[in-house]
Amino acid sequence: MYWIVLVVLCCSKVFKEVSCEGWNYNSSSSEGPANWKDTYPKCGGKKQSPINIVEADVTYNSDLKALTLSDYNLTTGLTYELTNHGHTIQVNILKDGTSDKSPIMIGHKGVTYRLAQFHFHWGSDNNRGSEHTLNKKQFPAEMHLVHFNAKYTSVSEAASKSDGLLVWGHFIETGSTENSAFQTFVKEFPSVTDKDEKKNIPAFPISSLIPADSTGNYFTYNGSLTTPKCFESVTWIVNSKYITVSSVQLENFRKLRGTTKTASTPAFMSNNYRPTQPLNGRKVEKSFKSETSAGVRVISSYTVVVALVISIVNFL
């Protein structure tokens, strides 16, 4: 009886705090992001995510090669499970009923990672939503493709290992046209409006979600999961190319609820992002040369040529 009363008391606060699971995104809550570390100590670590990426401070690393994708176009033999788990909307990539056997792979720095799921973070309006920020700019949403090191047998095994995970993050911007790839699962949202609702949907190529020229244009750093237990086991790849979706499609995310169908006071699931965390001396690198850098090189070359011509004239 005591436990029943406890659950009822917890869930009675669900409109304000979204979740009865010991953590939420409400900054004014005792279970909000600033207090996660009280229950989950790793959330107070020195390599936490997300971060603000300051382009001027990012180091270009010529050794960072394009990501290698394997079976990102695959659809046969797969089941996608669209699920609302109260904190986000997530698509689990299932083979033989489990995401631990997903054949979809990504390669980075000689390590192969298996795609288990992808999920989203979004805001209540277009001025907020992404977890990572770029030069302090926050995007309306962010997509995370969660992979685990293929040397481990499962996501759960890999999550606590220092080399366990690779998450490929993508900023989402609004555009004037509908994103047809996103629409393949966004149209199914009415079936999973409430927490704990799930629906199997037809598999589609994951590659269709990814912007062109993405594999060789990214920022990278060592960080953590952005939700408890905040394991510092993530190689972060943050794409420099944006995904564009329509405003209507983003509104469909904002109609999702973080409460169950039986909740007396339903709560919409928006602003489900963790604030950016201190870098604490970590290095952020990029795989591409920025246009500014290229411009500097052009100007420098031009200066050298002019100086050479002047020297020749003076010599004559």
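A salt bridge is a side-chain nitrogen of Lys or Arg within 4 Å of a carboxyl oxygen of Asp or Glu. By this rule, eight salt bridges are counted in the structure, which is a predicted model.

**Figure 1. The salt bridge between Asp125 and Arg128.** In this pair of the predicted model, the closest N and O atoms of Asp125 and Arg128 are 2.9 Å apart. Asp125 has a relative accessible area of 22% and is partly exposed. Arg128 is likewise partly exposed, at 31% relative accessibility.

**Figure 2. The salt bridge between Glu188 and Lys199.** The closest N and O atoms of Glu188 and Lys199 are 2.6 Å apart. This pair links distant parts of the chain, 11 residues apart: Glu188 belongs to the loop between helix 5 (180-186) and strand 11 (198-201), and Lys199 belongs to strand 11. Glu188 has a relative accessible area of 14%, and because buried means under 20%, Glu188 is buried. Lys199, at 30% relative accessibility, counts as partly exposed.

Figure 3. A distance of 3.3 Å separates the closest N and O atoms of Lys261 and Asp194. Lys261 is exposed, at 59% relative accessibility, while Asp194 is buried, with a relative accessible area of 2%. Through salt bridges that share partners, Asp194, Glu197, Arg257 and Lys261 are joined into one network.

**Figure 4. The largest pocket and its lining.** The largest pocket holds about 590 Å³ of space. Its lining consists of 27 residues, and Gln90, Gln117, His119, Leu225 and Thr227 are those that lie nearest the centre of the pocket. Two or more lining residues come from each of strand 5 (89-94), strand 7 (111-122), strand 9 (141-149), helix 4 (155-158) and strand 10 (165-175). Strand 7 provides the largest share, with four residues. By residue type, the lining divides into 12 nonpolar, 13 polar and two charged residues.

**Figure 5. The aromatic pair of Trp23 and Tyr25.** The structure contains 20 aromatic pairs. In the pair shown here, the ring centres of Trp23 and Tyr25 are 5.5 Å apart and the ring planes stand at 80 degrees, so the arrangement is edge-to-face. Trp23 and Tyr25 are both buried.

Figure 6. Phe120 in strand 7 and Phe182 in helix 5 are 62 residues apart, and their pairing links distant parts of the chain. Both residues, Phe120 and Phe182, are buried. One aromatic cluster is formed by Tyr80, Phe118, Phe120, Trp122, Phe182, Phe185, Phe189, Phe204 and Phe253.

**Figure 7. Lysine residues over phenylalanine rings.** The charged end of Lys137 sits over the ring of Phe139, at 4.7 Å from the ring centre. Lys286 lies over the face of Phe288, 5.4 Å from the centre of that ring.

Notes. Residues numbered from 1 in each chain as written. Predicted model: local features only at pLDDT ≥ 70, side-chain atom pairs only at ≥ 80, totals over all residues. Heavy atoms only, no water. Buried < 20%, exposed > 50% of the residue type's maximum accessible area, 1.4 Å probe, protein only. 1 Å grid on protein atoms, 1.4 Å probe; cavity = no way out; pocket = protein on both sides within 12 Å on 5 of 7 lines; lining within 4 Å. Points joined across faces, edges and corners; volume = space filled by probe spheres on them. Nonpolar A, V, L, I, M, F, W, Y, C, P; charged D, E, K, R; others polar. Phe/Tyr/Trp six-rings, centres within 6.5 Å; stacked < 30°, edge-to-face > 60°. Lys NZ or Arg CZ within 6 Å of the ring centre and 35° of its normal.
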